[in-house]
Amino acid sequence: ADWAAAVAAVRRLPPDARVLLICHVNPDGDALGSMLGFGLGLRRLGVGRLQATFPGPPEVPEPLRGLPGMELLVPATEAEPEPDLVICFDAASTSRLGDLAGRLTGTGTALVLDHHASNPGFGDVNLVDPGAAATSVVAEELLARLGVPLDAGIAECLYVALSTDTGSFRFDATTASVHEMAARLLATGIRPGEISRRIFDNRPFGAVRLFGEVLGRARLEPAAAGGTGLVWTYATLDDLARYEQRPYVLEALIDPVRCTAEADVSCVVKQTGPAEWAVSLRSKGAVDVSRVAVALGGGGHRLAAGFTARGTVDEVIERIRTELDVPAVREGVDQQG
Ligand code: 5GP
Ligand code: MN
Ligand code: MN
């Protein structure tokens, strides 16, 4: 990682510099938390003309709307002047930036902060650490190297990012240094119980019932010889409409699905358009699901990856089976009966 170049890119900004912060489409806790936390840090450094934005639907998931620094979020318009510095957070590839990808190739410097192994390094300066549990780990180190002290606002943003991407400090990426970072963040006085209740334990009743229906149609395909158990389910736009829920509530749906003891690989297929799906994949360790996701046009990490797909649910699952080399189960002979 090119820390010296990243520090220099921030330090050489003129006093009236414009800085544009961007993150991936359908931003999650790490994308928003690392972007807004770093933005608050730049504000402490005296950067006045700061704008944070993301591509696609401008909606922030309700549990993340209380993040400090939300006032930095302003929708991007075509007419804006060129920023002196563009900083991109948590996006594995430019395809995750939609219309905003063009902002990376302007006259200003493009700085990329990320932790996806598949990131090709599409910025002028790239801080990509596949060993980092979250992009916020990279953001915290850059703030430290810039001499920005943590305050409670910055810390809350970075804590939300760190706790969401580590599954509340349960995943393999949860190293001693992750807990050391969490300790530094908590030392600012932020309240982890309060934050966790707001971020994780905060689901509309309609979403609880929607999860019930969608989990009820989950299918378990037992491991074939040399293969691996696959559990999957799907949710349609009609499901969302019947329970009057926003699409982001489905992001947490993979969590109860991936608990399935009999399956090494879990999958949730979420409808985003007439024949369009966002697919989430998780692995218990034996299978590299990022390989599957990359093969099907997406990306991610070894144990958590995703892609977008067209067609029917059955076609999408069949593509995953093929990549996993799991033979398709015959109609009606799955474990759920
Ligand atoms: P999730 O299943 O939570 O949406 O995403 C899990 C991981 O897969 C994240 O690290 C995310 O970056 C990656 N991912 C999800 N969907 C896509 C996609 O459509 N394209 C790419 N390149 N990565 C994705
Ligand atoms: Mn993310
Ligand atoms: Mn991340």
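Trainee: Where in the chain is the place of Asn-26?

Mentor: In this predicted model, Asn-26 sits in the loop that runs between β1 (18-23) and α2 (29-44).

Trainee: Why is Asn-26 called partly exposed?

Mentor: Within 10 Å of Asn-26 there are 18 other C-beta atoms, and because a residue counts as buried at 20 or more and as exposed at 12 or fewer, a value in between is called partly exposed. Most residues other than glycine have a negative phi.

Trainee: What makes Glu-244 exposed?

Mentor: Glu-244 has 10 other C-beta atoms within 10 Å, and as the limit for an exposed residue is 12 or fewer, Glu-244 is therefore classed as exposed. Glu-244 lies in the loop between α8 (237-242) and α9 (254-258), and although Glu-244 is not a glycine, its phi is positive, at about 50°.

Trainee: How do you know that ligand 1 lies between domain 1 and domain 2?

Mentor: The chain is divided into domain 1 (3-199) and domain 2 (206-324), and both of these domains give residues to the shell around ligand 1, so the ligand lies between them. The C-alpha centres of the two domains are 27 Å apart, and nine residues of domain 1 are in contact with nine residues of domain 2, where a contact requires C-beta atoms within 7 Å. On the side of domain 1 that touches domain 2, the residues divide into three nonpolar, three polar and three charged.

Trainee: What makes a residue part of the shell around ligand 1, and which residues are the closest?

Mentor: The C-beta atom of the residue, placed from the backbone, has to lie within 6 Å of the molecule; 14 residues surround ligand 1, and the closest are Ser-280, Gly-298, Gly-299, Gly-300 and Gly-306. The elements that give two or more residues to this shell are β10 (299-300) and β11 (304-310), and β11 supplies the largest share, five residues.

Trainee: Which residues does UniProt list for "domain: DDH"?

Mentor: The unreviewed UniProt entry lists residues 18-161 under that name. In the model, the end C-alpha atoms of this span lie 25 Å apart, and the span is 26% helix and 18% strand.

Terms used: Residues are numbered from 1 along each chain as its sequence is written. Chains are lettered from A and ligands numbered from 1 in the order in which they are written. This is a predicted model: local features need pLDDT of at least 70, side-chain atom pairs count only at pLDDT 80 or more; totals for chains, interfaces and linings use all residues. Helices (H or I, at least four residues) and strands (E, at least two) are DSSP runs, numbered from the N terminus. Domain bounds come from an automatic or database domain assignment. UniProt positions are given in the numbering used here, feature names are shortened, and annotations may be inferred rather than shown by experiment. Two residues are in contact if their C-beta atoms, placed from the backbone, lie within 7 Å. Ala, Val, Leu, Ile, Met, Phe, Trp, Tyr, Cys and Pro count as nonpolar, Asp, Glu, Lys and Arg as charged, and the others, Gly among them, as polar.
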